[in-house]
Amino acid sequence: MSEPLTPPKRKDPLVVTRAGHVPPALRSRAATAMAARAGLGRFVLQVCDDCARATYPQRDRCPFCWGELRWQDQPDGAVIEAETTIRSSIDLFFKDHLPWRVGSARLDAGPMATVHLHGDVGQGDRVKIELKLDRSGNPALFAMPEKETPHMADDPQLRVFTADPKYRRVLVTDGRTATGQAVAEALLKAGAKTVFLGNADPLMRYPGQDRIEATAGIEPVRLSLTDTRSIEALAGQLGGRVDIVVNTAQFSRQGGVGFGGNLNDLQSGLDLEVTGLMRLAQGFAPALSGRSDDGDRSAAAFVDIASIHGLTGRAGFAGSSAAAAARLSLLASLRGEMARTGIRVISVLTGPVDDGWHQNVPPPKTAPAQIARAVVTALQQGQETICADEVAKDVLTRWQDDPLLTIREENK
Amino acid sequence: MSKTVLADLAVALATGQVRVIDLTNTLSPDFPVIVLPAEFGQCAPFRMEKLSRYDADGPAWYWNNISMNEHTGTHFDAPAHWVTGKDLPSNTVDAIPAQDFVAPAVVIDISAESAADADFVLTREFLENWETEHGTIPPDHWIALRTDWYKRVGTPEYLNLLEDGAHSPGPDAGAVEFLVHDRKCVGLAVETVGTDAGQASTFNPPLPAHSILHGNGRFGLQCLTNLDKLPTFGAIIVACPLKIEGGSGSPLRVVALVEGEAA
């Protein structure tokens, strides 16, 4: 069993904070392609078109027959054939985290691979291999116990690859919506110590206010993503205490472009969702980055929840989809910046949320509870992109297969 | 007119015999704006983005870009703001003669009534009784409704938006008709977020202050402060809206000139 994580002690002010180093970042294009799939939580290997053999590590051509390689999902079983403990390293990140256990795993898919080991697995064990992202956003194979073990998620090596909310302090940007409240409650249930819950208008009541603000672990804070000074003020106050930021702000309105579009709605949406995201990142990213390797309660992740239709546009919600597109684009750039500092940037993709602004949209719609579950899962798994529901999954799958076709389909 | 009037005023200002009272709330992101039902367009609050502050974007200068609605913060309503005033001449802030921006005020104190009842409705009968006590309201005056509502700024009780709508004092149609037609007022100046009562959309006719004032070419001033610092008669209000082309209103600095010893 893993040593259960205990509530972190308060920090000794005389101890220098450990710098947030990341493992070596420079990788091949093939490795980057593997990272993109790892970010989705998939376990993939390259398989040869000609000889059908799987290969690892990533290559540009098949090492057996020089054939073309394609990424394919693989069975995740393996056996640990050898293990070793690294006690010395010149890499700045691993040097700070020694000893570090690795092993050689015979993958059920065929290849032998060097993998990081969970504390509950050792030589000879059957394991479940997960394709993870390391702190610099590169792919890494991690051997998990085949069956659940006590406190499995608390394994210190595993926590380097995840952003588990347990004992962490989270800022949820908009607690005035059902989504913000569901996310806050799910995070507390997943073990978060505190959820700072944003309220853009503390003088104005909102549905669910009495219940959510009376919940143990919730700390209401004034925060408006359209007001730069409110973000600066909150970051100045809490920047050093927030370990995870979850941006639940959304402004979705029905409307077209040439017909039935509303310029004020577009401007409001862009200001809240796009400029607001940049304001939020500028307020909190530096402080998160400075504490990305600060013990058990290090800063870990920046999560943004956006419509899947940012990938495609959507007839009837043109402006909202444009805001989501810009949001996804900003988030992709932020991901690149934060990978250099060890902070995971997570995108939770949703279908039309089941709220008052999507009354005219027929089901299926995305329930706030589904979004909350996706946020927690992505943090616990260390995923980069996650779909909250079947609508988002369907659009993403079609978009991955044929982006131009999906764009046409969604804009009919 | 004697050419010494302004010179006398200059002396009075310099000596404090005439004092300038600020009737304006500070424009800030926190200042509440009117909230309409969600299906309507919403009034944008005040926002400010720094362009530079003695930094790389402007080493020696500080300035901001600002944005807001024409009706954010302490603001002026032009006749074109309401459908009843849409066809009047000179009905937008750029077209109103500048002469109209300076006018005397009569202050009607309904602060006690408003404290007792947030839905206090000002009626013609109330005004006639008020005149019996204080004297007739002269023509060409702003009617300043002192409610002390400005003291609620920064609390939920300012907008006082409950589940059945907003609750704040204001006039009924009879009172506005009386002020507009029988007393020839310049307009209605209030401390609340609108010239109409919070519940005025349920009145018959609805929203009488907006409807009757603007339909007759009169103005509105909202979100004022410090009306309790003005005398009942004798103050002069200076309220110059921004000259926005075709604008329906404007945030502005409103001041009152009052006679008396320096505070």
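Reader: Quick one before I start: when does a residue count as buried, exposed or partly exposed here?
Author: By counting neighbours: with 20 or more other C-beta atoms within 10 Å of its own, a residue is buried, with 12 or fewer it is exposed, and in between it is partly exposed, the C-beta atoms being placed from the backbone.

Reader: OK, and how much of chain A is buried?
Author: Of its 412 residues, 45% are buried. For chain B the share is 38% of 263 residues.

Reader: What kind of model is this, and how are things numbered?
Author: It's a predicted model, where local features need pLDDT of at least 70 and side-chain atom pairs count only at pLDDT 80 or more, while totals for chains, interfaces and linings use all residues. Residues are numbered from 1 along each chain as its sequence is written, and chains are lettered from A and ligands numbered from 1 in the order in which they are written.

Reader: How many helices and strands does chain A have?
Author: Chain A has 11 helices and 15 strands. These are DSSP runs numbered from the N terminus, with helices being H or I of at least four residues and strands being E of at least two. Chain A has a radius of gyration of 22 Å, close to the 22 Å that the globule rule gives for 412 residues, so it is as compact as a globular protein of that length. That radius is taken over C-alpha atoms, and the rule is 2.2 Å times the number of residues to the power 0.38.

Reader: And what about chain B, how many helices and strands there?
Author: 5 helices and 15 strands. The C-alpha trace of chain B spans about 65 × 55 × 40 Å along its principal axes; for chain A the spans are about 60 × 55 × 35 Å.

Reader: What share of the contacts in chain B joins residues at least 24 apart?
Author: 74%, among contacts between residues at least 6 apart in sequence. A contact means C-beta atoms, placed from the backbone, within 7 Å. In chain A the figure is 68%.

Reader: Which residues of H10(A) are buried?
Author: Val391(A), Ala392(A) and Val395(A). They sit on the same side of H10(A), because they cover an arc of only 95° around the axis; the arc is that of the directions from the helix axis to the C-beta atoms. The other side has Glu390(A), Thr397(A), Gln400(A) and Asp401(A) exposed.

Reader: What do the buried ones pack against?
Author: Strand E14 (344-350), strand E15 (385-387) and helix H11 (403-410) of chain A.

Reader: How far apart are the end C-alpha atoms of H10(A)?
Author: They are 16 Å apart, which agrees with the 16 Å that its 12 residues (390-401) should span at 1.5 Å a residue. The expected span is 1.5 Å times one less than the number of residues.

Reader: Where are the cis peptide bonds?
Author: One joins Leu98(A) and Pro99(A), with omega about -5°, and Pro99(A) is in the loop between helix H2 (92-95) and strand E5 (100-107) of chain A. Another joins Asn204(B) and Pro205(B), with omega about 0°; Pro205(B) is in the loop between strand E11 (187-190) and helix H5 (208-215) of chain B.

Reader: Last one: what is phi of Trp66(A)?
Author: Near 70°, a positive value in a residue other than glycine. Trp66(A) is exposed, with 10 other C-beta atoms within 10 Å.

Definitions and conventions: Contact = placed C-beta atoms within 7 Å.
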